[in-house]
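Colleague: I would like to learn how to read a model like this one, feature by feature. Could you take me through it slowly?

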Amino acid sequence: MKYYQNPPELNRSRKFPDNLVCAHDLLLKAKNGEKGNRKVERYAVPAFNVTTFQGINAAVEAFEILGASGLLAFSNSALKHFGRGDAVAGLAIASQYVETLAKTSTVKLATHLDHGDYMSETGRKVVQAAVRNLTSVMADNSTDKAAGKPTSLEDNIGLTREVVNMAHPVGVSVEGELGVLAGEEDEDTRAEESTYTNPVELEQFLKGTGVLMLAPTIGTKHGPNKGKPGEKVKLNIQLAHELLKIADNISDDIVFVAHGASTLYGEVVAYATERLKQLGGHHTDRTKWSEFVGTDWEQIKGLIGAGFCKINTDTENRQTYLAALLGAVAENAAKIDIRWYDNVTTRALTQSYLKKLILAGDYGVWHEPRIDVANFKFEITV
Ligand SMILES: [Zn+2]
């Protein structure tokens, strides 16, 4: 098969404008535990799924406060939101916005397409536009969304390899997915059941595609309900280590990506439930809040040890935003000033991002943090 011969290597001499960098550069530093000239323990780079300009602003603020790696991820539905229904237009708008911020940023910023697919005609257009406008793309060809079933290994390799052929020569990193991850991320990404990544298939996939970023499935789940309330999510860390060994044998530059790895913040849930009570009614909403199930950070730490240096992060930030909005409304529902609500929720989002970056060990990469990291306290303030 033609795609088993020499996939193109990632072109590392490509220079992006201003402070933009290839996402893989950030991840490799994390895998090798590099912060400036210092060698530290392996850490992870959270990839923040941003859906609004406000989300981008809050994330960049958090990166700059901590001198952290900056990885902004855009899903297809987020791009549609930026583009008033048109994902390709949204991609141009969002990427130009980040490029403008990068001109004066104190840290390096990477932009990534989350869950791009190279199967449907519209999916292909978005991936092609992402290769032109972003610094990294995900080619998620593990599931045939139209047919609602997993793709064959051969098709997954073939389609992902096409994206690598297009992206690597221009210095854009590619993330592949192998295995099926259950849960619903947004209306464009959902599956009923997970399957673990098969180690034999992993080797074939990595060699055949040449991707340096891979999302294997080891038991995580998309969305806010990762298990039954009261039950703990258990990830297959042993399998993760087995997979890392195979990947490292092919190239030390390969990093793994954890999808569906959101950890929920107890303090946010408590804050939101309290505000809902204050606002009266909303019984069913309170129950829903108390039934959200995330992945314990201890489990995620295990994954970082196994080379998962990109941690996709979304649900906890959405929850923090909503909790802050409930707080703002409970505090003053007659404040006729969009900026006030915007500021309350932006501050909360920044806090949520700071917390995740600190948990992941992602600070002091580009400059010293501007806050006392050891004494950071996550608080929603109105
Ligand atoms: Zn995902």
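This is a predicted model: local features need pLDDT of at least 70, side-chain atom pairs count only at pLDDT 80 or more; totals for chains, interfaces and linings use all residues.

Modeller: Residues are numbered from 1 along each chain as its sequence is written.

Colleague: How many helices and strands does the secondary structure of the chain come to?

Modeller: Helices (H or I, at least four residues) and strands (E, at least two) are DSSP runs, numbered from the N terminus. Here the chain has 13 helices and 14 strands.

Colleague: What does the radius of gyration say about the chain?

Modeller: The radius is taken over C-alpha atoms, and the globule rule is 2.2 Å times the number of residues to the power 0.38. For 382 residues a compact globule would have a value near 21 Å, and the 20 Å of the chain agrees with that. Along the principal axes, the C-alpha atoms fill a box of roughly 65 × 45 × 40 Å.

Colleague: Which strands form the closed barrel?

Modeller: Two strands pair if DSSP finds at least two bridges between them. The closed barrel of eight strands runs β3-β4-β5-β6-β9-β12-β13-β14, with parallel pairing. Strand β12 (residues 213-216) and strand β13 (residues 255-258), for instance, run parallel and are joined by two bridges, with Val 255 in β13 as the bridge partner of Met 213.

Colleague: How should I read helix α6, and which of its residues are buried?

Modeller: The expected span of a helix is 1.5 Å times one less than its number of residues. Helix α6 (residues 153-167) has 15 residues and reaches 21 Å from its first C-alpha to its last, close to the 21 Å expected. A residue is buried if 20 or more other C-beta atoms, placed from the backbone, lie within 10 Å of its own. The buried residues of α6 include Asn 156, Arg 161 and Val 164, while 51% of the 382 residues of the chain count as buried.

Colleague: Which residues touch the most other members of the largest nonpolar core?

Modeller: A nonpolar core is a set of buried Ala, Val, Leu, Ile, Met, Phe, Trp, Tyr and Cys residues joined through C-beta atoms within 7 Å. Of the 107 residues in the largest one, Ala 59, Leu 72, Val 137 and Phe 308 touch the most other members. Helix α2 (residues 53-66) gives this core its largest share, eight residues.

Terms used
A residue is buried if 20 or more other C-beta atoms lie within 10 Å of its own, exposed if 12 or fewer, and partly exposed in between; C-beta atoms are placed from the backbone.
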